[in-house]
Amino acid sequence: MFAIFKTGGKQYKVSKGDVLEIEKIDASGKVEFDNVMMVDDKIGNPVLKGAKVVAEILEQTKAPKILVFKKIRRKNSKKMNGHKQPLTKIKVVDIVA
């Protein structure tokens, strides 16, 4: 059994027991995602009513650092920044159709 749900502007295909990293959620313990778009062969329009994905939050982490370098030609202007995206690691416990 698999489900497709949406969080943080992205869609994820998961099944029971999957571990994935999503954009940061301010919560702890268990969390429920009710924005489920598809479960097996049932397709929502746009979401399925009553369907949800139950997950357990494992840890709050950060992604590897991304360097952002900006340069303007012939102006002797350059700027370098770094960015680490905050992430939440979750484990899917149950899919309710």
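Predicted model: local features only at pLDDT ≥ 70, side-chain atom pairs only at ≥ 80, totals over all residues.

Arg 74 is in the loop between strand S8 (66-72) and strand S9 (77-83). Strands here are DSSP runs of E with at least two residues, helices are runs of H or I with at least four, and both are numbered from the N terminus. Residues are numbered from 1 along each chain as its sequence is written, and side-chain values use heavy atoms, with hydrogens and water left out.

Arg 74 is not a glycine, yet its phi is positive, at about 60 degrees. The hairpin of S8 and S9, where this residue is found, has four residues between the strands. Arg 74 is exposed, with a relative accessible area of 70%. For accessibility, buried means under 20% relative accessible area, exposed means over 50%, and partly exposed is in between, with a 1.4 Å probe and protein chains only.

Two strands count as paired if DSSP finds at least two bridges between them. Which residue in S9 is the bridge partner of Ile 66? That partner is His 83.

There is another positive phi to report. Asp 40, also not a glycine, has a phi of about 50 degrees. Asp 40 belongs to the loop between strand S5 (36-39) and S6. With a relative accessible area of 28%, Asp 40 is partly exposed.

Pro 46 itself lies in the loop between S6 and S7.

Now the sheet. In what order do the four strands of the open sheet come? The order is S2-S1-S5-S6, and the pairing is antiparallel. At the edges are strand S2 (10-15) and strand S6 (42-43), each of which pairs on one side only. Strand S1 (residues 2-7) pairs with S2 in the antiparallel sense, over six bridges. Within that pairing, Lys 6 has Gln 11 in S2 as its bridge partner. As a reminder, strands of a sheet pair through backbone hydrogen bonds, either parallel or antiparallel.

Next, the aromatic residues. Rings of Phe, Tyr and Trp (for Trp, the six-membered ring) pair if their centres lie within 6.5 Å; planes under 30 degrees apart are stacked, over 60 edge-to-face, and the rest tilted. By this rule there are two aromatic pairs. In one of them, the rings of Phe 5 and Tyr 12 have centres 5.8 Å apart and planes at 35 degrees, so the pair is tilted. Phe 5 and Tyr 12 are both buried. Together with Phe 33, Phe 5 and Tyr 12 form one aromatic cluster.

One ring also has a charge over it: the charged end of Lys 13 sits over the ring of Phe 2, 4.6 Å from the ring centre. The criterion is NZ of Lys or CZ of Arg within 6 Å of the ring centre and within 35 degrees of the ring normal.

Last, the salt bridges. The cut-off is a side-chain nitrogen of Lys or Arg within 4 Å of a carboxyl oxygen of Asp or Glu. How many does a search of the whole structure find? The search finds four, and I will describe some of them.

Glu 23 and Lys 10 meet in a salt bridge at 2.5 Å, N to O. This pair links distant parts of the chain, with Glu 23 in strand S3 (residues 19-23) and Lys 10 in strand S2, 13 residues apart. Glu 23 is partly exposed at 28% relative accessibility, and Lys 10 is partly exposed at 39%.

Glu 59 and Lys 89 form another, the closest N and O atoms being 3.6 Å apart. Here too the pair links distant parts of the chain: Glu 59 in strand S7 (residues 52-62) and Lys 89 in strand S10 (residues 86-96), 30 residues apart. Glu 59, at 37% relative accessibility, counts as partly exposed, and Lys 89, at 24%, counts as partly exposed.

Lys 24 and Asp 26 also form a salt bridge, with the closest N and O atoms 3.9 Å apart. Lys 24 is partly exposed at 48% relative accessibility, whereas Asp 26 is exposed at 73%.
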